[in-house]
Amino acid sequence: KGEVPKDDWEMDPNHIYWNAHVDKANIPTYDYSALLYLNDCHEDFEGGEFEFIDDDVNRVIEPRAGRLLMFTSGPENLHRVRKVTKGTRYVLAMWFTCSEIHQYQDDDQIKSRKVEQQAITLRLENEDLVKTNRVLARTNDRLQKDIESLANSAQQCMNTKNRRSGTRSEDTTRSKEGKEKEMLEDMAIKRRLAAEVEFAKKRLAAAKEAASSSKNSGKIGPKRCFDVESCSQDYQEN
C-alpha cells in the first residue's frame, strides 16, 4: 500500500540529470521537449533550476508551479538541470515526436490500425483479382477465336482432300509425278494441321497456368501470361 506501481515510461532514478545533454541525442525520435513545473523553487526546494547552455551566456529558468517550458529537442538547445540541494522538485516532463511510426499508441489504437491495414490489404487483393479476371476473360476470347479458326482450317483441308480423292477416282491414268505431288501436298496439309493443333494446345496450357497462378497468389505476375511470339515461332517452324 502507498507504493507507486512501476511505470515503463518512468525516468531511471539513477539518471544524472544535472549533466548537460541534448534530448534528441538520447532518443532520436524526440522533436519537442516540455516541462510543466508543479511546485516552486526556493519555497519547496532549493536548486533544480533549468539552464540553457549557450555560447554567449547561460540562460536560467526558475521553476514555478504552473510554469510550462517548451523547446525543440535538437542540438540547438543544449541544457541541464541544476542539482537539487534541498527538498523535492516535482515536474511533469514531456517529449513529442513528428514521426507517426513512433508515436505512443494504446491497445485500442493499435487494434484500430491493424484493422485499417487489413482493410487496405483486402481492397488491394480484390483489385488484383478483378484485373486477373479481366485478363482471363480476354484470354478465353482469344482462345475461342483460335479454336474457331482451327476448325475452319481443318474443314477446308478436309474439303480439299475430298476433292482430290474424287479427282483421283475419276482420273486413274495420272502420271507418277502428279501422284508424288499430291502426296507432298497431303503431307504439307497434315503438317499444317499438326502445327495448328500444337499451337492451340500451347495457348490453352498457358491460359490454364495463368489462371492457376492468379488463384494461388491473387495477383498478376510479370511472367504469368503465355508467350504468344514463342508459340508463333514454334508454329512457323513446324
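In strand β8, Trp95 is the bridge partner of Ser33. This is a predicted model, in which local features need pLDDT of at least 70 and side-chain atom pairs count only at pLDDT 80 or more, while totals for chains, interfaces and linings use all residues. Residues are numbered from 1 along each chain as its sequence is written, and side-chain values use heavy atoms, with hydrogens and water left out.

Let us start with the sheet that holds this bridge. Strands here are DSSP runs of E with at least two residues, numbered from the N terminus, and two strands pair if DSSP finds at least two bridges between them. Strand β1, residues 32-37, pairs with β8 in the antiparallel sense over six bridges. Together with β5 they make an open sheet of three strands, in the order β5-β1-β8, with antiparallel pairing. Because β5 (68-72) and β8 (91-96) each have a single partner strand, they stand at the edges, and one side of each is left without a neighbour in the sheet. On average, neighbouring strands of this sheet are turned by 15° against each other, direction ignored; the axes behind this angle are lines fitted to C-alpha atoms.

A second open sheet also has three strands, ordered β4-β3-β6 and paired antiparallel. Its edge strands are β4 (59-61) and β6 (79-81), each pairing on one side only. Strand β3, residues 50-52, is joined to β6 by three bridges, and Glu51 stands opposite Arg80 of β6.

Now to the surface. Tyr32, Leu68, Met70 and Phe96 form a nonpolar patch with about 410 Å² of accessible area together. Such a patch takes residues with over 30% relative accessible area and no salt bridge, nonpolar side chains being joined within 5 Å; a salt bridge is a side-chain nitrogen of Lys or Arg within 4 Å of a carboxyl oxygen of Asp or Glu. Areas come from the Shrake-Rupley method with a 1.4 Å probe. Leu68 has its place in strand β5.

| Residue | Relative accessible area | Class |
|---|---|---|
| Leu68 | 48% | partly exposed |
| Cys41 | 1% | buried |
| Cys98 | 60% | exposed |

How many disulfides are there? With a disulfide defined as a pair of cysteine sulfur atoms within 2.5 Å, the count comes to zero.

How values were computed
Helix = DSSP H or I, 4+ residues; strand = E, 2+ residues; numbered from the N terminus. Axes fitted to C-alpha atoms, helices over the stretch in contact; angles between N-to-C directions. Patch = residues over 30% accessible without salt bridge, like charges linked within 9 Å, V, L, I, M, F, W, Y side chains within 5 Å. Buried < 20%, exposed > 50% of the residue type's maximum accessible area, 1.4 Å probe, protein only.
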